[in-house]
Amino acid sequence: MSEKRDVNVVIANIIKTGVFVSSFFIITGITLSFIQRANGVLTVERYTFNEMLRGLVSLNYYSYLMFGIFLLILTPVLRILGLLYIYIEQKDYKFVRICILVLVILIMSLFLGVTHS
C-alpha cells in the first residue's frame with residue numbers, strides 16, 4: 001500500500017509543479033501585457049517554438065502566455081512519462097503497455113493538430 005501511495009505522491013507533485021510553473025508564466029504574461037499597454041486583442045496566428053523562446057528573452061507578453069499554455073498542455077504528458085518510469089521500475093508490463101499506448105495517442109493527436117489547417 002505504501003508503494004501505491006508513493007506513486008500517487010509523485011504523480012501529484014508532477015501535476016502540481018506543472019500547474020504552478022505554467023501559472024507563473026501566464027500571470028507574468030498578463031502582468032507584462034498591462035506594463036506594455038497591450039491593446040487587449042490576442043490574435044491566433046502561427047507562432048513557432050523558436051519565436052516563443054526568443055520572445056521570452058525579450059519579455060514579450062504574448063510569448064509568456066503561449067509558454068504558460070504550452071507547459072499546461074505538457075503537464076499530462078509528463079504525468080504519463082512519470083507513470084511509465086514507475087511501472088518500468090516495478091516491472092508491471094501491463095501498465096507499461098497502456099502508458100506507451102496513451103503516449104502514442106497523445107503524440108499522434110499533437111501532430112495531427114499541428115498539421116491541421
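Colleague: Are F25 and F67 buried or exposed?
Modeller: This is a predicted model, where local features need pLDDT of at least 70, side-chain atom pairs count only at pLDDT 80 or more, and totals for chains, interfaces and linings use all residues. Residues are numbered from 1 along each chain as its sequence is written, and side-chain values use heavy atoms, without hydrogens and water. Taking buried as under 20% relative accessible area, exposed as over 50% and partly exposed as in between (1.4 Å probe, protein chains only), both F25 and F67 are buried.

Colleague: Nice! What kind of pair do the rings of F25 and F67 make?
Modeller: Six aromatic pairs turn up in the whole structure, counting rings of Phe, Tyr and Trp (its six-membered ring) with centres within 6.5 Å; planes under 30 degrees apart are stacked, over 60 edge-to-face, the rest tilted. Here the centres lie 4.8 Å apart and the planes meet at 75 degrees, so F25 and F67 are edge-to-face.

Colleague: How many residues apart are F25 and F67?
Modeller: Helices are DSSP runs (H or I, at least four residues), numbered from the N terminus. F25 is in helix 1 (residues 2-35) and F67 in helix 3 (residues 61-89), so the pair links distant parts of the chain, at a separation of 42 residues.

Colleague: And T75, which residues does it touch?
Modeller: T75 is in helix 3, and its 5% relative accessibility counts as buried. Contact means heavy atoms within 4.5 Å; leaving aside residues up to four places away in sequence, T75 touches I14, I15, G18 and V19.

Methods
Helix = DSSP H or I, 4+ residues; strand = E, 2+ residues; numbered from the N terminus.
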